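Good morning, and thank you for coming. Please take a moment to look at the sequence and the structure, and I shall then go through a few of the elements in turn.

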Amino acid sequence: MTALYWTLAAIALALLATFAYLYAVTWIESRQARKLDSKQPYVSTSVSASRTAVVYFSRSGNTALAARHVAQRLDAPLFPLQASSYELGLGGLAHAVMDANERRSKPEVLPDITPRTIDLKPFDTVWLGSPVWLYSPSPPIWAFVEHNRFDGQHVVLFNTFNSHIGDDYIATFKAKVMARGAKSFEHKSVLRGRMTQQLTPEQMLQAIDEEWLGSQARP
C-alpha cells in the first residue's frame with residue numbers, strides 16, 4: 001500500500017474521530033439543556049423596583065440557570081439574549097467553535113443577537129452572563145457590549161466554564177466595558193468541570209450563593 005493510501009486513511013480516521021467527538025458533545029449539551037430548563041424557574045419583566053439587571057446568553061442552559069438564580073436572589077429583571085447561529089446541534093456547535101476561534105484574530109467580527117440593545121439607564125448594576133468558549137466569554141456577550149452603553153454603572157461579568165478562562169480576555173472585556181461608560185467592573189465565575197465530571201446544578205447554585213452573592217442575596 002502506498003504512502004498516499006495511509007495518509008488518506010489517517011485523514012479519514014481523524015475526521016471520523018472529530019465527528020464522533022462533536023456528536024458526543026452535542027448529545028451531552030442537549031441532555032443538559034432538557035435537564036436544566038425546568039430548574040430554578042424565574043419569570044421577570046423590566047418593570048421592577050430593582051436597580052440591578054441581569055443580561056445573559058446561554059447555549060446548553062448552565063449560564064441560564066446561573067442567571068435565573070442571580071436574578072431571583074437579587075429580585076432583578078432578567079434579559080436573555082438569543083443568537084440563532086448557535087442553536088443546539090452539530091451546526092450550532094460548529095459555528096460556536098469557528099466564531100470563538102475567529103475572534104482571536106478578528107475581534108471586530110460579531111454575531112447577530114436579539115435584542116441588540118436594552119434600555120439599561122434605570123439600573124445602577126448590570127450583570128452580564130456568558131459561557132466560556134475557547135477561554136473567552138462567548139461572542140454574543142461581546143456583541144451586546146458593543147451595541148450598548150453602561151454609563152455610570154457597575155458591571156459584573158459572570159461565567160460558567162469547563163476548564164480555563166484566559167485572564168487576557170477578561171482584561172480586554174473589562175477595558176471594553178469601561179470604554180462603554182462603566183464606572184467599575186467585577187468578574188465572577190464558577191468552574192463546573194469537564195462534561196463527564198461536572199458539578200451538579202445544585203452544587204453550582206450553592207457555589208454562586210457562597211462565592212458571588214453572600215450578603216447581597218435575598219432570603
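I begin with one lysine, Lys-188, which is found in strand S6, residues 184-191. Please keep in mind that this is a predicted model. Is Lys-188 buried or exposed? Lys-188 has a relative accessible area of 11%, and a residue counts as buried under 20%, so Lys-188 is buried.

What surrounds this lysine? If we leave aside neighbours within four places in sequence, Lys-188 is in contact with Trp-127, Val-156, Leu-157, Phe-158, Asn-159, Glu-211 and Trp-212. Take Trp-127 from that list. Lys-188 and Trp-127 are 61 residues apart along the chain, yet 9.8 Å separates their C-alpha atoms. The side chain of Lys-188 also has a polar contact of 2.8 Å with the side chain of Glu-186.

Let us now turn to strand S1, which covers residues 52-57. How many of the six residues of S1 are buried? Six of the six are, so the strand is largely enclosed by the rest of the structure. The burial applies to both faces: Thr-52, Val-54 and Tyr-56 are buried on one side, and Ala-53, Val-55 and Phe-57 are buried on the other.

Which strands pair with S1? One is S3, residues 125-133, which is parallel to S1 and joined to it by five bridges. Within this pairing, Ala-53 has Val-126 of S3 as its bridge partner. Another is S2, residues 78-81, which also runs parallel to S1, with four bridges between them. Here Val-55 stands opposite Phe-79 of S2. Together with helix H2, residues 62-74, the strands S1 and S2 make a right-handed β-α-β unit.

Between S1 and H2 there is a loop, and Ser-58 lies in it. Ser-58 is buried, with a relative accessible area of 18%. A polar atom of the Ser-58 side chain lies 3.2 Å from the backbone nitrogen of Gly-61. For the backbone nitrogen of Ala-64, the distance to a polar atom of that side chain is 3.1 Å. Beyond its neighbours within four places in sequence, Ser-58 is in contact with Thr-63, Ala-64 and Pro-131.

That brings us to H2 itself. This helix has 13 residues, and its first and last C-alpha atoms are 18 Å apart, close to the 18 Å expected at 1.5 Å a residue. Helix H2 is mostly covered, with eleven of its 13 residues buried. Among them are Asn-62, Thr-63, Arg-68, His-69 and Leu-74. Just after the helix, Asp-75 takes a positive phi of about 55°.

Finally, consider helix H3, residues 90-102.

To review, S1 is buried on both faces and pairs in parallel with S3 and with S2. Thank you for your attention.

Methods:
Residues numbered from 1 in each chain as written. Predicted model: local features only at pLDDT ≥ 70, side-chain atom pairs only at ≥ 80, totals over all residues. Heavy atoms only, no water. Buried < 20%, exposed > 50% of the residue type's maximum accessible area, 1.4 Å probe, protein only. Helix = DSSP H or I, 4+ residues; strand = E, 2+ residues; numbered from the N terminus. Pairing = 2+ DSSP bridges. Right-handed = clockwise from strand over helix to strand, strands pointing away. Expected span 1.5 Å × (residues − 1). Polar contact = N/O pair within 3.5 Å; in protein donor to acceptor, adjacent residues only side chain to side chain. Contact = heavy atoms within 4.5 Å.
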